[in-house]
Amino acid sequence: VLHSLSNKRVNGVFVEPLAAFLQESQPASLVGIRLRSSPEDRQKVIREAKRLVRKTVPFDLAFDESDTTQLYCAELFGYIFKTVFGKDLLEEKLPFLNQEVIRMRNFFDPKDFEIQFNQFD
């Protein structure tokens with residue numbers, strides 16, 4: 001699982017085994033989505049994600065999307081999609097800590113994403 005997190009053991013973008021991610025998740029709180037794109041574009045997304053992991057990009061505690069040297073969880077994917085596709089797939093924002101942050105419901109847009117499972121349903 002690719003994500004960005006800040007805690008005692010990690011600060012920033014990293015890959016975690018699915019089993020470890022599930023163990024630390026709240027019960028009945030997960031939604032799995034898949035990007036609707038060609039296999040070639042998915043490979044571009046994966047390459048960009050791997051580049052950010054290697055770069056050890058820290059977690060964005062300020063939630064400031066204008067500074068891409070640090071990335072919070074949803075910002076990570078927004079940045080990857082903008083880099084690969086040249087457009088914002090996660091456009092809808094909400095106010096948080098005097099910033100506009102990415103709404104998680106962007107990931108439910110059937111135009112760009114396909115729900116694989118949803119524990120909230």
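## Helix α3

In this predicted model, helix α3 is made of 13 residues and extends 19 Å from its first C-alpha to its last, which is close to the 18 Å expected at 1.5 Å a residue. Just after α3, Gly86 adopts a positive phi of about 70 degrees.

The buried residues of this helix are Ala74, Glu75, Leu76, Gly78, Ile80 and Phe81. The elements that cover these buried positions of α3 include the strands β1 (2-6), β2 (11-15), β3 (31-35), β5 and β6 (113-118), together with helix α2.

## The nonpolar core

The largest nonpolar core comprises 21 residues, and those with the most contacts inside it are Leu52, Tyr72, Leu76, Ile80 and Phe81. At least two residues of this core come from each of α2 (39-55), α3 (73-85) and β5 (99-102), and α3 gives the most, with 4 residues.

Leu76, one of the residues with the most contacts inside the core, is also one of the buried residues of α3. When residues up to four places away in sequence are not counted, Leu76 touches Leu2, His3, Ser4, Val13, Leu52 and Leu71; Leu52, for its part, is likewise listed among the core residues with the most contacts.

## Aromatic pairs

A pair of aromatic rings is described by the distance of the centres and the angle of the planes. The count for this model comes to 8 aromatic pairs. In one of them, the rings of Phe63 and Phe96 have their centres 5.1 Å apart and their planes at 85 degrees; because an angle over 60 degrees counts as edge-to-face, the pair is assigned to that class. Phe63 lies in the loop between α2 and α3 whereas Phe96 belongs to strand β4, so the pair ties together parts that are 33 residues apart in sequence. Phe96 counts as partly exposed, at 37% relative accessibility, while Phe63 is buried, with a relative accessible area of 16%.

Phe81 and Phe85 form a tilted pair, with 6.4 Å centre to centre and 40 degrees between the planes. Both residues are in helix α3, and being 4 residues apart they are separated by about one helical turn. An α-helix has 3.6 residues a turn, so residues three or four places apart point the same way. Phe81 is buried, with a relative accessible area of 4%, whereas Phe85, at 25% relative accessibility, counts as partly exposed. Ring pairs also link Phe81 and Phe85 with Phe77, Phe107 and Phe113 into a cluster.

Most residues other than glycine have a negative phi.

How values were computed
Residues numbered from 1 in each chain as written. Predicted model: local features only at pLDDT ≥ 70, side-chain atom pairs only at ≥ 80, totals over all residues. Heavy atoms only, no water. Core = buried A, V, L, I, M, F, W, Y, C linked by side-chain atoms within 4.5 Å. Buried < 20%, exposed > 50% of the residue type's maximum accessible area, 1.4 Å probe, protein only. Contact = heavy atoms within 4.5 Å. Expected span 1.5 Å × (residues − 1). Phe/Tyr/Trp six-rings, centres within 6.5 Å; stacked < 30°, edge-to-face > 60°.
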